[in-house]
Amino acid sequence: MEKIVSLCKRRGFIFQSSEIYGGLNGCWDYGPLGVELKRNLKNYWWRVMVHERDDVVGMDGAILMNRAVWKASGHEDTFSDPMVDCLLTGKRFRADQIDEQSGWVVSFSGAVDFEAFQKLQQEKEAPERSSIWSEIELAPHLRGIFANYSSSFDLDSRSGYVQLSDPNGQMKSLELLIKRGTLGTSSLQPFLAMEIGGDPKSFRWSSNRGVNRAIKLAQDFYRKRGVTNPIVIAVGLQREEHSKRFNPENGALVTGPRAFNLMFKTYVGATEDDSSVTYLRPETAQSIFVQFKNVLEVSRKKLPFGIAQIGKAFRNEINPRNFTFRSREFEQMELEYFCRAEEGMKLLDYWLEERLKFYESIGIPTAKLHARKVPDEERAFYSKGTYDIEYDFPFGRQEVEGVAYRTDYDLSQHQKASGKSLEYFDEETKQRFLPHVVEPSAGVDRSVLALICEAYSEDEAPDEKGKMEMRVVLRFHPRIAPIKCAVFPLLKNKEPLVTKAKEIVALLRPHMQVFYDETGAIGRRYRRQDEIGTPFGVTVDFETLGEKDPDLRDTVTLRDRDSMKQERVPVKDLPGILVSRIS
């Protein structure tokens, strides 16, 4: 994955947003090649989903909508993810994405100051000389603590741990001493830490490398709460299997799940009060639902039919990650396909198959795609069936598209909230009813990332001297590739070659995206184009000018990116040959 991210920046596919100011997490800019790749994907989706069908029309809804839309759809109240925070680092995770961990869990009841504890321990040897040990009220509590515990102290870091043998009784004494200020700066906040991946049969409190990792976590936890030199108080030890209570990155306890609204709030108009609140849309679908009646009337479609849209959406993701896969600003390609209730499940399966065919047609093999049937407990409450189309990314199998049978939930919510009828009138049966809807919803950015990951390849190819060298190549399907054809004059200082090459560029440009390059050795120019996924290269050489063989005049060398095979073709046939191979 690191190589792919590096290539994307180096060759102008994707840049970090606001990079010169340190970037903005979860936001990305598409460079010259990235925007072409993205546009090719969207244009092909639109062609397949709208232009090649009689039963689908398109629309382009506004990003900002009346707040009432989001109230009716349930987004304002329920569009949230259960989030947990690491108690040590403060890092936030989605609760459903915490990996299960197994290990020994140590319970801590608090921490006390190293200096104060050491002082009391030393004074224990001559209690009659200590102003604290000699107090009649405190002496029994001190004896209860210091007579029965195991411990380890590090004089260099001025920290350590104490393992109480009778936690219930001894903690009462500790609490009294802490409240009296006898143990210096202290904390009674409980904490748990897991030793992830330790020996499942036994727990070692310390070794020649120092104290156990769980104890170090607890020391860091209490340092952040004001105990500069902590001696942590361990009161329990148990083994936990398949637990989701701990940060998988360090083993620290996480908070319980809390709802976090994912919508970006903004204000419309001159005042910033509750009456001017709205949100950046978290999905494109709702604009289709609220415009359903208008589109139905102007398009004069009959069920089943669909409304397609490509557009930006925004979600305040807590933990954007995996390059562009999970971002805060992204694009969706969505179709809302309206139908009768009895057709819903059949159309769900139909659209799943159609969408799998689409990915195969843009160069993603079926072996890398997986249709996961979402179980009942994971589905949205209004869905009667959902499939996740997943792709095998380098970082694991993840969703690129969802195909969901949303029933009539959205239309019924908006009809109820707006008071406006969104019913469909069937001319044949004379019935009025709310249509159901099947929704294939694809992520543009996720699909682009899948295309790049699938295309990335390394092999060997000969250089100008015939020596084999490593070649990086993006094996995009020609219809998706940012640049379809590169044109090279064999030598840039031969005017007839340059002139002819530029004529060929002008010939091809109305049909496809073309790149002209005259700098460097021809082999090096091929490599540059291979690295950005250009499927075809045209070289204008002296044969093109008819200098070596008059029969080859006005022919060029056409090179294939993947096979690296070359063939001579007439210049006049180039547009037809390339267009047929691209499509």
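Helices (H or I, at least four residues) and strands (E, at least two) are DSSP runs, numbered from the N terminus. The model is predicted: local features need pLDDT of at least 70, side-chain atom pairs count only at pLDDT 80 or more, and totals for chains, interfaces and linings use all residues. Residues are numbered from 1 along each chain as its sequence is written, and side-chain values use heavy atoms, with hydrogens and water left out.

View A. The strands follow the order 3-16-17-23-20-19-18, with mixed pairing; two strands pair if DSSP finds at least two bridges between them. Strand 3 (56-58) and strand 18 (369-373) are the edge strands, each pairing on one side only. From one strand to the next, the twist averages 25 degrees; axes are lines fitted to C-alpha atoms, for helices over the stretch in contact, and angles run from 0 to 180 degrees between N-to-C directions.

**View B. Strand 23 and its partners.** Strand 23 (residues 436-443) pairs in the antiparallel sense with strand 20 (residues 396-407) over six bridges. Bridge partners here include Y405 with V438 and A404 with E439. Strand 17 also pairs with strand 23 in the antiparallel sense, over six bridges, and M333 has A442 of strand 23 as its bridge partner. Eight of the eight residues of strand 23 are buried, so the strand is largely enclosed by the rest of the structure; buried means under 20% relative accessible area, exposed over 50%, and partly exposed in between (1.4 Å probe, protein chains only). H436, V438, P440 and A442 point one way, while V437, E439, S441 and G443 point the other way.

**View C. Helix 10 across the sheet.** Helix 10 (residues 292-299) lies across strand 3, strand 16 (305-314) and strand 17 (329-339), where contact means heavy atoms within 4.5 Å. The helix runs at about 135 degrees to strand 16.

**View D. The loop residue I63.** I63 lies in the loop between strand 3 and helix 3 (67-73). This residue is partly exposed, with a relative accessible area of 30%.

View E. Strand 4 (residues 80-85) pairs with strand 5 over three bridges, and V84 stands opposite F93 in strand 5.
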